[in-house]
Amino acid sequence: MPADPAASPLTPRRPEAVLFRRGGEAITVGRFLAEAAALAARLPEAPYAINLCADRYLALLGFAAALLRGQTTLLSAERSPHRLRELAERYPGAHALVDDAATLAQDAAAAACPVAVTGCAEALAARGGAPAAAAPAPAIPAERIAAIAFTSGSTGEPTPHAKPWGALVAGARAAAERFGLADPARPASIVASVPAQHMYGFETTLLLPLQAEAAGHAGPAFYPSDLAEALAQSPPRRLLVTTPLHLRTLLASGAALPALEAVISATAPLAGELAAAAEKAWRTRVLEIYGATEAGSLASRRTVEGPLWRPYGGIRLRRGADGTALAEVPGLPRPVPLADELELGEDGRFRLLGRRADVVKLAGKRASLAGLTRILTTIEGVRDGVFVAPEDLDRNPRARLAAYVVAPGRSAREILAALRERIEPAFLPRPVVMLDALPRDAVGKLSRRALAALRPAAARR
């Protein structure tokens, strides 16, 4: 029977290729396919699987097993009891995939999820380490909804976005081409500080090993020492997948890193000064990915080379009738409206101007909250910070911006004085609230809910 042109294999890679490294052990594609099939047979009948695995290999195994059973994976980087109850209520019949169900009682977040639970590590143990079967990778229909990803909630409640298998495959292959990961003779090693359940982490740490010539790293790698150890355990060519916040922390730690092929950053704009410092410290290239949960990864750039972004192969950006930037993405049924303002160039490249909802107006002047935040975080001694606009800014003439700042050893007065030299007086924050840390999520983002919790502190200033 001829192959279905509307289907793509779970992985096109050779059975002997290394897909993941876990606890010092190299896991081949052949072994992965056998373990995914075994886990799929143990899953309950259900329409959805909530993937909560922290171990990246188990997260990939759970995703693949659900896909083989025709189940849609729900991706949510937030593991709070509140969020898990929301998912269970919104997607009836969902079950949860966790690392180890035997320790579930110790995991308050997972224990609060009122669904059936499967421990992926236990399923592997029950399999008994049988040798990998020589079966070919199964083909998955391109139109099947493989996953539902959720926005971070930075501009409101998390919004779901369905991801057809064909779109996920096309995006991973475009990224593989862009980052030089298509040559079986030159496989790469991927180490990341971002969770697999965030769309950026899902694309780079799970889908790339499936579709590109790269091996993922299963273990936790969040703190500088974790990242340095994970990179040292991984063979060249090493790719570090991270965020601007984690990159800043890693650079400040002075951790010694082995040779890096490249550093890849996303989730927030990366300051050119930070990228240049990382390139100098580690003798590597720092690359950025631009994308959105709605559309997936769309473009990349080398930060130190300037502000222009180059779309991935197959991506087309255009202006809609209302002026909104639209992304035409292979595998998605219709153009995706983007929340960002883009300046489109004739050669296909574009400049990112910021989020449409990010622009504030005061005293007849306009500014971007992200731009103001970037200025804030370049002040000496500032480890983290954010500008926030009050909800009544447009209707209250007395309303002012606020700034939440993490800068040990510096005062609010000093921060305000430094800002006065850099920004228009109308945008000076009143108040400046000094904090020990900002309530960022695992990829460094601040949800609207988290920012709202900071308002009482601002009201007391």
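Colleague: Where does Arg 283 lie, and what makes this residue count as exposed?

Modeller: Arg 283 lies in the loop between α10 and β15, where helices (DSSP runs of H or I, at least four residues) and strands (runs of E, at least two) are numbered from the N terminus. The relative accessible area of Arg 283 is 79%, and exposed means over 50%, buried under 20% and partly exposed in between (1.4 Å probe, protein chains only), so Arg 283 is exposed. This is a predicted model, in which local features need pLDDT of at least 70 and side-chain atom pairs count only at pLDDT 80 or more, while totals for chains, interfaces and linings use all residues. Residues are numbered from 1 along each chain as its sequence is written, and side-chain values use heavy atoms, with hydrogens and water left out.

Colleague: What is the phi of Arg 283, and what is that of Thr 267?

Modeller: Arg 283 has a positive phi of about 50 degrees although it is not a glycine, and Thr 267, likewise not a glycine, has a positive phi of about 90 degrees. Most residues other than glycine have a negative phi. Thr 267 lies in the loop between β14 and α10 (272-282) and, at 23% relative accessibility, counts as partly exposed.

Colleague: Why is the contact between Arg 237 and Glu 261 called a salt bridge?

Modeller: Their closest N and O atoms are 3.2 Å apart, and a salt bridge is a side-chain nitrogen of Lys or Arg within 4 Å of a carboxyl oxygen of Asp or Glu, so the pair qualifies. Arg 237 lies in the loop between α8 (224-233) and β13 (238-242) and Glu 261 in the loop between α9 (244-253) and β14 (262-265), so the pair ties together parts that are 24 residues apart in sequence. Arg 237 is buried at 11% relative accessibility, whereas Glu 261, at 26%, is partly exposed. The peptide bond from Pro 236 to Arg 237 is cis, with omega near 0 degrees, and another cis bond joins Arg 430 and Pro 431, where omega is about 15 degrees.

Colleague: How many salt bridges does the structure hold, and how do you know that Glu 288 and Arg 301 form one?

Modeller: The structure holds 16 salt bridges, among them the one in which the side chains of Glu 288 and Arg 301 meet at 2.8 Å, N to O. That pair links distant parts of the chain, with Glu 288 in strand β15 (residues 286-292) and Arg 301 in strand β16 (residues 296-302), 13 residues apart. Glu 288 is buried at 1% relative accessibility, and Arg 301 is buried at 14%.

Colleague: Why are α1 and α2 called oblique to each other?

Modeller: The axes of helix α1 (residues 29-42) and helix α2 (residues 56-68) come within 8 Å and cross at roughly 60 degrees. Axes are lines fitted to C-alpha atoms, for helices over the stretch in contact, and angles run from 0 to 180 degrees between N-to-C directions. Angles under 35 degrees count as roughly parallel, over 145 as roughly antiparallel, 65 to 115 as roughly perpendicular and the rest as oblique, and α1 and α2 are therefore oblique.

Colleague: Which residues of α1 and α2 meet?

Modeller: With contact meaning heavy atoms within 4.5 Å, the residues that meet include Phe 32 and Glu 35 in α1 and Tyr 57 and Leu 60 in α2. Glu 35 is also linked with Glu 25 and Arg 31 in a network of salt bridges.
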